[in-house]
Amino acid sequence: MKAWFLSLQERERLILIGGGIAALVLVLWWLVLAPLRTGSAELREAVTDKQRLLLDLRRVAALPEDTGAPAAGGGQSLVVLVDTTAQAFGLALPRTRPDGTNGINVGFQGVSFDALLAWLIELDATHGVRVESASFSGTREQGLVNGQLFLRRS
């Protein structure tokens, strides 16, 4: 191979070296830099979404605890309310267990964390259902969680 390369004219060697460098740059771009740029853009978008969600959570936290008005959905049982609102947010809650008239234990697996938080915000703001305790664990898939919630209607 070396003998063949040295047998080429100087101009041919320069063209071959230039082509090799150009091919190396293209492969480097295609295999390394392009995926990094794409991943960076996705992360920026995820951060923006999380910041928006944090603002929503802060707004909910700033609401007074007891407005004196009856909570919407007050006529529904807590089990029915939790089930119908969860379905509206695209959440599958396979394990729900009532705990008295104003409490419910909810177990879930592989649900979207963003949808779960949006649902909890809706329950608190619209229906007066608050999270009394929560336990979450991540999954192998980004953005999905498993966990347990104990919700109580005020």
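**Contacts and layout of a predicted model**

Arg52 and Asp49 sit three residues apart in helix H2 (residues 10-62), so about one helical turn separates them. Helices and strands here are DSSP runs (H or I for helices, at least four residues; E for strands, at least two), numbered from the N terminus. The model is predicted, so local features need pLDDT of at least 70 and side-chain atom pairs count only at pLDDT 80 or more, while totals for chains, interfaces and linings use all residues. Residues are numbered from 1 along each chain as its sequence is written, and side-chain values use heavy atoms, with hydrogens and water left out.

To begin with the overall layout, the protein contains four helices and four strands. Read from the N terminus, the elements follow the order α-α-α-β-β-α-β-β. The radius of gyration is 28 Å, well over the 15 Å that the globule rule gives for 154 residues, so the protein is more spread out than a compact globule. This radius is taken over C-alpha atoms, and the rule is 2.2 Å times the number of residues to the power 0.38. Along the principal axes, the C-alpha atoms fill a box of roughly 90 × 30 × 20 Å. Of the 154 residues, 22% are buried, where buried means under 20% relative accessible area, exposed over 50%, and partly exposed in between (1.4 Å probe, protein chains only). Contacts (heavy atoms within 4.5 Å) also give a picture of the fold: among those with a separation of 6 or more, 60% come from residues 24 or more positions apart.

Next come the charged pairs. How many salt bridges does a search of the whole structure find? The search finds four, counting a side-chain nitrogen of Lys or Arg within 4 Å of a carboxyl oxygen of Asp or Glu. Another salt bridge links Asp114 to Lys50, with the closest N and O atoms 2.8 Å apart. Asp114 belongs to helix H4 (residues 113-127) and Lys50 to helix H2, so this pair ties together parts that are 64 residues apart in sequence. Asp114 has a relative accessible area of 30% and is partly exposed; Lys50, at 40%, is partly exposed too. The side chains of Arg130 and Asp124 also meet in a salt bridge, at 1.9 Å from N to O. Here Arg130 is partly exposed at 21%, whereas Asp124 is buried at 17%.

Strand E3 (residues 129-138) pairs with strand E4 (residues 144-153) in the antiparallel sense, over nine bridges; a pairing requires DSSP to find at least two. One place to look is Ser133, whose bridge partner in E4 is Phe150. Five residues lie between the two strands of this hairpin, in which Gly143 takes a positive phi near 90°.

Aromatic rings also come together. The structure holds two aromatic pairs. In one, Phe108 and Phe136 are tilted, at 6.1 Å centre to centre and 45° between the planes. This pair links distant parts of the chain, since Phe108 lies in strand E2 (residues 103-112) and Phe136 in strand E3, 28 residues apart. Phe108 is buried at 0% relative accessibility, while Phe136 is partly exposed at 36%. The ring centres of Phe113 and Phe136 are 5.9 Å apart and the planes stand at 85°, so this pair is edge-to-face. Phe113 is in helix H4 and Phe136 in strand E3, so the pair ties together parts 23 residues apart in sequence. Phe113 is partly exposed at 26%. Together, Phe108, Phe113 and Phe136 make one aromatic cluster. For rings of Phe, Tyr and Trp (its six-membered ring), pairing requires centres within 6.5 Å; planes under 30 degrees apart are stacked, over 60 edge-to-face, and the rest tilted.

Finally, there is the nonpolar interior. In soluble globular proteins, nonpolar side chains tend to be buried together. The largest nonpolar core has 23 residues, and Leu116, Trp119 and Leu151 have the most contacts inside it. At least two residues of this core come from each of H2, helix H3 (78-88), E2, H4 and E4. H4 supplies the largest share, seven residues. A core of this kind is a set of buried Ala, Val, Leu, Ile, Met, Phe, Trp, Tyr and Cys residues joined through side-chain atoms within 4.5 Å. Leaving aside residues up to four places away in sequence, Trp119 touches Val82, Thr85, Ala86, Phe89, Leu91, Leu93, Leu149 and Leu151.
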